[in-house]
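Here's a quick briefing for anyone opening this structure for the first time. Take a look at the sequence and the model, then read on.

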4 protein chains.
Amino acid sequence: MRVEQARSRTRRQRILDGAALTFSRRGYRATSVDDIAEASATSKGGIYFHFPNKEAIFLALLEGMAALLHDRMERAMAEATGPEAKLDAALLTMLHTFGAHRTLARLFLVDAMGANREFSARIMEIQEGFVALIERQLQEAIAEGALPAVDTEITSVAWFGALLQVVTRWLLAGKPADLNDAYPALRALLLRSVALPAANRLQAMTA
Amino acid sequence: MRVEQARSRTRRQRILDGAALTFSRRGYRATSVDDIAEASATSKGGIYFHFPNKEAIFLALLEGMAALLHDRMERAMAEATGPEAKLDAALLTMLHTFGAHRTLARLFLVDAMGANREFSARIMEIQEGFVALIERQLQEAIAEGALPAVDTEITSVAWFGALLQVVTRWLLAGKPADLNDAYPALRALLLRSVALPAANRLQAMTA
Amino acid sequence: MRVEQARSRTRRQRILDGAALTFSRRGYRATSVDDIAEASATSKGGIYFHFPNKEAIFLALLEGMAALLHDRMERAMAEATGPEAKLDAALLTMLHTFGAHRTLARLFLVDAMGANREFSARIMEIQEGFVALIERQLQEAIAEGALPAVDTEITSVAWFGALLQVVTRWLLAGKPADLNDAYPALRALLLRSVALPAANRLQAMTA
Amino acid sequence: MRVEQARSRTRRQRILDGAALTFSRRGYRATSVDDIAEASATSKGGIYFHFPNKEAIFLALLEGMAALLHDRMERAMAEATGPEAKLDAALLTMLHTFGAHRTLARLFLVDAMGANREFSARIMEIQEGFVALIERQLQEAIAEGALPAVDTEITSVAWFGALLQVVTRWLLAGKPADLNDAYPALRALLLRSVALPAANRLQAMTA
DNA sequence: GATGAATGAGAGTTCATTCAT
DNA sequence: AATGAATGAACTCTCATTCAT
């Protein structure tokens, strides 16, 4: 990598960091490009050198986060064996990641919607990526006989929605105070919903 | 009621109708007060006579819709007996209502988020109303011994999230083409998640 | 005319006046909408209530001036009899009008060009209006036998160009100091160019 | 000349070529320095090494073209004998040159105006150069007795204006389709305007 | 000589809100 | 009650110019 590229990447990253900060503090709309410039110690022109417009910054941020989470979940599930363990891995990864990056979670779950009509399509695609990840696991488990046959499409969508809602509620209503507190009940609920007995694994998990 | 009041209520309603139309067509942000004025055959000044600001129109709309849906669900569940029947009632009411008012659903689920930071708190409250409604039913069923003891809080939140996600996906990704197609699998999933056997009831339902 | 219309027209006119002033002082590009707002004692928003954009103000100005000049020339020529007298009428009207409104002339002749690519088409149309006016007179004079047959198209274009250049030179180079000083030689030149003897009429004219 | 100088001249010329291309395609204002850099396969910094600012590029271009045309006209007239022949030479040179370089003509005639207030003064000077060229010829012809005494100043200005207008109209209105079609009528008109019989020479010309 | 990342002033335009009528 | 002209702050985006490398 050449030096100029490295420097450019630094600046670009600084802009993304500044944008993440201000977006999550004030929301997408309420954040002006000037705000981002200030938060990233750059100039407005500098921002427009690296990104074609404000929306692109948001999208870059969103996609970066989605890719990170997606990757983490995938890796965690790959290391786990058996449906319950895989669910645990995915669930905990999600709760931990969102729990540790409250501001980014807000960005991802709240601001992403409604900000712009063209946005929502992209958001949906990103969400579908996660749904697909879940669905693939379910299908494999069913194929292996580790899981009774269920409608994997609706199940994965519903699971994802359930998770998002729990996180969103934590974000906006502050309940539960610690996002991880939702884990046991959520785990049990999801396992039951695919007719898996949850009790013993839960013990193993928390042990 | 005096005549002017009646007329005023008419005007107010016309504004709400016009707003619902334009909001759902273009989104909250992209809709100007001028647009609403035009769509409701009023003037800008007239709108500001009836509502303190643009946000209030959106909120009034949102709360009206929420109250309607809340009421319908409550009534439908009151008429049903037994947990499965109540779930069916609620589920079908929701799917039918959203399915019949696609544009309003979009407003409710997509635009409501992210539009404004102060908004989201109110949105959360509205959502909590639905969650509470579900939770109450679950608690009653458990008290009656019709349902095994589960974490009603997480369950109701998760159920609501699952539903929203299914509807949102239908709105933004067009899947499934007919929202009602999601019903059987969703029903089975939710029942299973609270350890209720779904099979026979489903047959009874569709019979 | 209703009162509101009258008031609106007043404001609209004030904007046009302010725009004429600033455009001719600083040029089209260098004039900001803020400048126009200040010069017309209005607000930026007020300007955008009356005109869709900056360009429309310029065009309105341009077309107003063109219509005025066109009208004046047409009327002056209608009152004159015979080709020489008509030429005199037109020529003097043009020189007097431009001479009396130096700033508007500048706008018309200098800024109109080059300001915007889409502009020039409209400018050409306006110019063609004047060319057509001249050509019509030439054709009538030829039809009446008062003028030998000449190529009326090229003649009218060339005459118009000659006039514009004399005025432009006066504007930008300050030569001649008094625009009217160009009249006698210009008159003689144009008459000669269509094979009319100029001498005696000129004497009558200046007498 | 050292190698670097040669290379530098090459680069400078490449910039001028690229600028001519983009200026004439999009107009002066709409052309950014980035556009020029791209069109001349240089960098922005490189451009600012060779020219102090954007305006200077335009001016250099303009003056180069003017000098070329001036030179061609001067040479063509020097080779011709007699007023009619000289007029023919100049006229044809101008029409041919502009006709062959439509985009440059546009630059010269349309964009040059209005681009900038300080510009117009320079443009006027350039135009005065052509006017002076014409005037000198007229004066010589009068001195030789080949032409009756006329106001050479106004005549040369008017001639130049007539020519410009014919060319501008061709550029912007597309009339006449072929610029050379304007030649015979224009020639006749101009000759008549200085009391020269045109007919026989025209025949000689086209023969 | 050449590069292109960075700057920052400034542009046109939008629009929620106000208020005289 | 209703109107719509008027306001002005705020926005996104552009671009000529600079300068470290």
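A:Phe23, A:Tyr28 and A:Phe58 come together as one aromatic cluster. Keep in mind that this is a predicted model, where local features need pLDDT of at least 70, side-chain atom pairs count only at pLDDT 80 or more, and totals for chains, interfaces and linings use all residues. As for bookkeeping, residues are numbered from 1 along each chain as its sequence is written, chains are lettered from A and ligands numbered from 1 in the order in which they are written, and side-chain values use heavy atoms, with hydrogens and water left out.

**Aromatic rings**

- A pair of aromatic rings is described by the distance of the centres and the angle of the planes.
- Rings of Phe, Tyr and Trp (its six-membered ring) pair if their centres lie within 6.5 Å; planes under 30 degrees apart count as stacked, over 60 as edge-to-face and the rest as tilted.
- Searching the whole structure turns up 16 aromatic pairs over all chains.
- One of them joins D:Phe23 and D:Phe58, which sit edge-to-face at 5.3 Å centre to centre, with 75° between the planes.
- D:Phe23 belongs to helix H1 (residues 3–26) of chain D and D:Phe58 to helix H4 (residues 54–79) of chain D, so this pair ties together parts that are 35 residues apart in sequence. Helices here are DSSP runs (H or I, at least four residues), numbered from the N terminus.
- (Buried means under 20% relative accessible area, exposed over 50%, partly exposed in between, using a 1.4 Å probe and protein chains only.)
- D:Phe58 also pairs with D:Tyr28: the ring centres are 4.9 Å apart and the planes are at 70°, so this pair is edge-to-face.
- D:Tyr28 lies in the loop between H1 and helix H2 (33–39) of chain D, and D:Phe58 in helix H4 of chain D, so the pair links parts that are 30 residues apart in sequence.
- With 7% relative accessibility, D:Tyr28 counts as buried.

**A lysine over the ring**

- D:Lys54 lies over the face of D:Tyr28, 4.5 Å from the ring centre. To count, NZ of Lys or CZ of Arg must be within 6 Å of the ring centre and within 35 degrees of the ring normal.
- In chain A, A:Lys54 lies over the face of A:Tyr28, at 4.5 Å from the ring centre.

**Where chains C and D meet**

- Rotating by 180° with 0.0 Å of shift along the axis superposes chain D on chain C, at an RMSD of 0.2 Å. That is the relation of a two-fold axis.
- D:Ser193 has the C-alpha nearest the axis in chain D, 1.9 Å from it.
- In chain D, 42 residues are in contact (heavy atoms within 4.5 Å) with 42 residues of chain C.
- There are 6 salt bridges between chain D and chain C. A salt bridge puts a side-chain nitrogen of Lys or Arg within 4 Å of a carboxyl oxygen of Asp or Glu.
- The side chains of C:Arg169 and D:Glu128 form a salt bridge at 2.8 Å, N to O.

Definitions and conventions: Least-squares fit on C-alpha atoms with pLDDT ≥ 70 in both. Helix = DSSP H or I, 4+ residues; strand = E, 2+ residues; numbered from the N terminus.
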